[in-house]
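Me: Got a model open here. Can we go through the rings and a helix pair?
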Amino acid sequence: MPQAVSLEAMRMAARKRAGQETLDPDNAFVSDQELDVVLNDWLQHVYRLLVRARSGYYRNSVNITVTNGVAFYNLAIDFLELISVDWNFSTQEVYPVYPYEESERNQYRMSPGWLRLSPLHYQLQNNGINFIPTPTGASTVTINYVPVFSKLKDPTDIFDGVAGFEEFAVCKAASYMCVKDDNIETASFHESQAKVIEDEIKAMAPNRTAGLRR
């Protein structure tokens, strides 16, 4: 189950850890705006670690309509990494589309086209996806992908730390505030806590599937 935490909650946690609670965050030693930059930087680090674990923590899907004679299509603006591609031949029949190697680009051009059970292939190119053979009509393709990290802006914006992993960013933010206040000893403590959480992410994140793998 996701454990989404708001930006406001992470701000308060970081301030409490650093001993810098305030009733006037706009005029605080570290303002909310400055704290948000630090939190977002380290939340993005957590996000990248979870994406690198290849365990499907963050996933999105978008449908694109291919048309006759057009092989290249732009990807979603929040696209980070491709997970899989499906060709929706009908509502009941969905076929996987596989990547092609550069050396295979001419071989698959000779395929009969977008027909049932006929092989379809794709290649990521710049900010889009290219299909071989070129589509011969209108149909729908589903792109399953990992989206980019979305920075938190409003106090109610949330981040899914999955298993409390957002605490890494909270500890790093607390350390930042302590360093700015010349409290190096406390900053070092928060850095050590952040390192423990980072090690947990690296150890636990790849093992999301506890059962047997194929």
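Me: Tyr 73 and Phe 131: buried or exposed?
Reply: Tyr 73 is buried, and Phe 131 is too. Buried means under 20% relative accessible area, exposed over 50%, partly exposed in between (1.4 Å probe, protein chains only). This is a predicted model: local features need pLDDT of at least 70, side-chain atom pairs count only at pLDDT 80 or more, and totals for chains, interfaces and linings use all residues. Residues are numbered from 1 along each chain as its sequence is written, and side-chain values use heavy atoms, with hydrogens and water left out.

Me: What aromatic pair do Tyr 73 and Phe 131 form?
Reply: A tilted one, 6.0 Å centre to centre with 55° between the planes. Rings of Phe, Tyr and Trp (its six-membered ring) pair if their centres lie within 6.5 Å; planes under 30 degrees apart count as stacked, over 60 as edge-to-face and the rest as tilted.

Me: Which rings are in the cluster?
Reply: Ring pairs join Tyr 73, Trp 87, Phe 89, Tyr 95, Trp 114 and Phe 131.

Me: How many aromatic pairs does the structure hold?
Reply: 12.

Me: New topic. At what angle do α2 and α4 cross?
Reply: Roughly 20°, and the axes of α2 (residues 32-52) and α4 (residues 184-204) come within 9 Å. Axes are lines fitted to C-alpha atoms, for helices over the stretch in contact, and angles run from 0 to 180 degrees between N-to-C directions. Helices (H or I, at least four residues) and strands (E, at least two) are DSSP runs, numbered from the N terminus.

Me: Which residues make the contact?
Reply: His 45, Val 46, Leu 49 and Leu 50 of α2 meet Glu 198, Ile 201 and Lys 202 of α4. Contact means heavy atoms within 4.5 Å.
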